[in-house]
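I opened my notebook to write down, entry by entry, what I looked up in this structure.

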Amino acid sequence: MATAPTQSLPLFYKDLAPLSSQEHADFRVRRSDRAPFVVGQHAIPVTVEEFPLVQRHMPIVFSAGDNSVPLALMGLNDGVNVFFDDEGTLTEKQLYIPAYIRRYPFMLARLRPDSEELSLCFDPSTDTIGAFEDGEKLFDEGQPSEVTKSVLSFNEQFEQAGQRTGQFMKELNELGILMDGEVSIQPDGAPQPFIYRGFRMVDESKLNELRGDQLRKIVQNGMLPLIYAHLFSLTLMREIFGRQVSLGKSPQPTMQQPAN
């Protein structure tokens, strides 16, 4: 169900170009009430800071494989997103939108593999950035506009949150409390249950068996409430299942791997 992205470009991005005051001096960014890039995406990366907000709306699981990342499930099957319609319009106004979605079409990236320096880039295939007559300027007299400064700040905070999330996942693995997940849902009248696998989750029995020093550590470093946010969120699996059924997006008997 949930594997970490393996392609050269991250999820959503079709291309990347560094934002340049020379090449993009006249570029503007348009606001949009649609996110077509989210259509059909059922598993969205999230950071640990987002767990308390995400867990109110979506299950939080961990991707399968050695390099697990936290994912918010917007659907239980590949190609299904129950919170955005086929045009990319949000269907639930009070939904928390993960930062990974909100940062698009921008992101910080290394322009050279041998450099640690990150540059602000954007996806040039987007229809929200270009040499438009309307929209907000990205540069003003050759200098980054306030909009660009705000975008840069958001992306820097996102990268920092990503580093903290990586540390969280490292410590989870060291504790040895992650296990292969499985959820069984059997609707009334269904001849067999729908079994969803292919993700990882915290094993509550192993969590409860942690030694005193290990438990003390995850309490002191703030991991424990994040772990329970993840565990509590899993009860939403059935709600997402019900949304799929009500939308006529027939669930499959086993959860598929996301096209990340």
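How many positive and negative side chains does the chain have, and how far apart do the centres of the two sets lie? I noted first that I am working with a predicted model. In it I found 24 positive and 35 negative side chains, with the centres of the two sets lying 4 Å apart.

**Entry on the overall form.** I looked up the secondary structure and found 7 helices and 15 strands in the chain. The radius of gyration is 20 Å, close to the 18 Å that the globule rule gives for 260 residues, so I wrote down that the chain is as compact as a globular protein of that length. For the extent of the C-alpha trace along its principal axes, I noted about 60 × 50 × 30 Å.

**Entry on surface and contacts.** I looked up burial next, and buried residues, meaning those under 20% relative accessible area, make up 48% of the 260 residues. The accessible surface of the chain comes to about 13,700 Å², and carbon and sulfur atoms hold 48% of that surface. Among the contacts with a separation of 6 or more, I found that 74% are between residues 24 or more positions apart.

I then followed an open sheet of 3 strands, whose order is β8-β2-β9 and whose pairing is antiparallel. Its edge strands are β8 (129–130) and β9 (136–137), each of which pairs on one side only. Strand β2, residues 28–29, is joined to β9 by 2 bridges, and the two run antiparallel. Here I found V29 standing opposite E136 in β9.

Terms used
Residues numbered from 1 in each chain as written. Predicted model: local features only at pLDDT ≥ 70, side-chain atom pairs only at ≥ 80, totals over all residues. Heavy atoms only, no water. Pairing = 2+ DSSP bridges. Helix = DSSP H or I, 4+ residues; strand = E, 2+ residues; numbered from the N terminus. Rg over C-alpha atoms; globule rule 2.2 N^0.38 Å. Buried < 20%, exposed > 50% of the residue type's maximum accessible area, 1.4 Å probe, protein only. Contact = heavy atoms within 4.5 Å. Areas by Shrake-Rupley, 256 points an atom, 1.4 Å probe, with all protein chains shown as cover. Lys, Arg positive; Asp, Glu negative; His and termini not counted. Charge placed at Lys NZ, Arg CZ, Asp CG, Glu CD.
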